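Let's walk through a two-chain model together, starting with how its chains meet. Please have the viewer open as you read.

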Amino acid sequence: MDWGILAGAICTIAVWTYLADNQNPIWELIQHIYIGLAYGWSVGYYWYTYIGPTFVGTGKDVDSLRTGHWEYIIPIIVGLLIYARYIPSISWVARYPLSLVLGWGAGYILAFNPPIFMGQITNSFYDLWTGQLSSSINNWILLLCLLGTLMYFFFTIRRDANPVMKGGVWLGRWAIMVGLGAAFGNTVLYRYNLFYGRLHYILGDWLHIAGG
Amino acid sequence: MPFGLSLLAQEESKAVWGIFTAGQAGAFVAVAIFAILVYVMITRARAGQSIREIHKIPGLDAISEAVGRATEMGRPVHYTMGLPSITDPQTIAAFPVLGYVAKLCAQYETRLINTVPDVVIYAINEEIIRQAYLEAGRPDAFNPDDVRFITDWQFAYVAGVLEILAAEKPAAQILFAGPFYAEAMIFIEAGALAGAIQVGGTASTAQLPFFVAGCDYALIGEEIYAASAYLSKEPIITGTVVGEDYFKFLIFAAIIVGTLIATFATSNPLATFMTS
């Protein structure tokens, strides 16, 4: 008997018991085990990939304090300042590392997001007469839906300001809903696939009664 | 990619002065225009000069309605940001909304439970909620134990949230603003089981359909950024959204011009410039 498969199957069924009762003891037991495992794994992960190699110098060929990279003292001190929040008299100090992280996050977004939307814009330059009726109509629909959707997201022009805006927003809303409907269908199918995967695991890999 | 070609690719993409990368001149010009627009709008907003107003977003009223319902029922409000990351714009947009919700909860004396799967966001959220309670004049009502880091594993976090929803039975759940992934629908379903009114908002395209289908009110896409500005009334955020709107108008115009060129000309210099 493969004990790994047995454990996986039991865990899967234990999670499914949530559907019958969302506070039953089997579900709560497996839930606590899962969270505990995840938390323990994270502690180990951060130790072996970040803290250990750079702070203590446990990693091979990794720059660390032990190999003379004293500049790591700065981020370590900044990071440790977060714990000041547990000392009421100096808890305000903890806001500095948080501000630094927030500022870095905003800068990162600004630096690495723009190239994505430039490509999206230029890919929206449709040829409205391709020489073929079907593809030309397709491009017209794409363009009108795109412009309508853009109008839907104008936040400083009232949606009933004029007939053009009103019509554009109406078209945009329909385009968004049709798009979301298609995405909904795709995602639901994907979730069914996941479910079939688990069924295959239990009936095939574990019980050997179906699925080969 | 073969090793030699890989080295060549690295050489080509090397940035001049660490800033200017080949093939991104168009993006640089766009960002420069955007920055100027935002700067001008923020300056005008700060100086009290007139800028265009942000119109009201219907889903936003639902937030105060949800908190009001929780108050009447004497049950808590649960706020989740999905799987937030400090490098995601949606997470940044969620902070003012969390502050707004926390302030409402403090004023109405309603318990707010915030669950978080990220240690950095956890620390930030705790500060935001603490500050909101302080601004509402009720710092004593803030309970740090109600801001809960569970774990940074996606589905282990989900398991923790499901337990909280089942045990605490919040009367309102606010899922704002993400990014959300596969956990979104599970939260919405568990919120419905707990009998909570649910207000959601995200720009995560794959999860938006679930928000629209499952939440009582949903803010879609960029509405979350406008909501952030509308609620905070901060000149910086408001100016940014107004500046963004002008920029969107430029994009709108660029698409029309680019389409006309693509239809009537053999080459498209606008597309070439924008991707140059």
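## Where the chains meet

Two residues are in contact if their C-beta atoms, placed from the backbone, lie within 7 Å. By that rule, the contact takes 45 residues from chain A and 55 residues from chain B. On the side of chain A that touches chain B, two or more residues come from each of α2 (25–56), α4 (95–112), α5, α6 and α7 (163–206) of chain A. Of these, α4(A) gives the most, with eight residues. Helices (H or I, at least four residues) and strands (E, at least two) are DSSP runs, numbered from the N terminus.

By class, this side of chain A has 31 nonpolar, eleven polar and three charged residues. Here Ala, Val, Leu, Ile, Met, Phe, Trp, Tyr, Cys and Pro count as nonpolar, Asp, Glu, Lys and Arg as charged, and the others, Gly among them, as polar.

A note on the source: this is a predicted model, in which local features need pLDDT of at least 70 and side-chain atom pairs count only at pLDDT 80 or more, while totals for chains, interfaces and linings use all residues. Residues are numbered from 1 along each chain as its sequence is written, and chains are lettered from A and ligands numbered from 1 in the order in which they are written.

## A loop residue of chain A

D127(A) sits in the loop between α5 (114–122) and α6 (133–152) of chain A. Leaving aside neighbours within four places in sequence, D127(A) is in contact with N139(A), A262(B) and T263(B). With 15 other C-beta atoms within 10 Å, D127(A) is partly exposed; a residue is buried if 20 or more other C-beta atoms, placed from the backbone, lie within 10 Å of its own, exposed if 12 or fewer, and partly exposed in between.

## Chain B and its cores

Chain B has eleven helices and six strands, and its C-alpha atoms fill a box of roughly 65 × 55 × 40 Å along the principal axes. Buried residues make up 48% of the 276 residues in chain B.

A nonpolar core is a set of buried Ala, Val, Leu, Ile, Met, Phe, Trp, Tyr and Cys residues joined through C-beta atoms within 7 Å. In the largest one, of 92 residues, A66(B), V77(B), V101(B), A102(B) and I174(B) touch the most other members. Helix α4 (residues 89–108) of chain B supplies the largest share of this core, twelve residues. A second, separate core of nine residues includes A27(B), A30(B), A262(B) and M274(B).

## Helix α2 of chain B

The 22 residues of helix α2 (residues 25–46) of chain B should span 32 Å at 1.5 Å a residue, and the end C-alpha atoms are 31 Å apart, which agrees. The expected span is 1.5 Å times one less than the number of residues.

Which residues of α2(B) are buried? They are G26(B), A27(B), A30(B), L37(B), M41(B), I42(B) and A45(B). These residues cover an arc of only 130° around the axis, so they lie on the same side of α2(B); the arc is that of the directions from the helix axis to the C-beta atoms. The face turned away from the buried side carries the exposed residues A32(B) and I36(B).

## Positive phi angles

Most residues other than glycine have a negative phi. H208(A), in the segment after α7 of chain A, has a positive phi of about 55° although it is not a glycine. E109(B), in the loop between α4 and β2 (112–116) of chain B, has a positive phi of about 60°.
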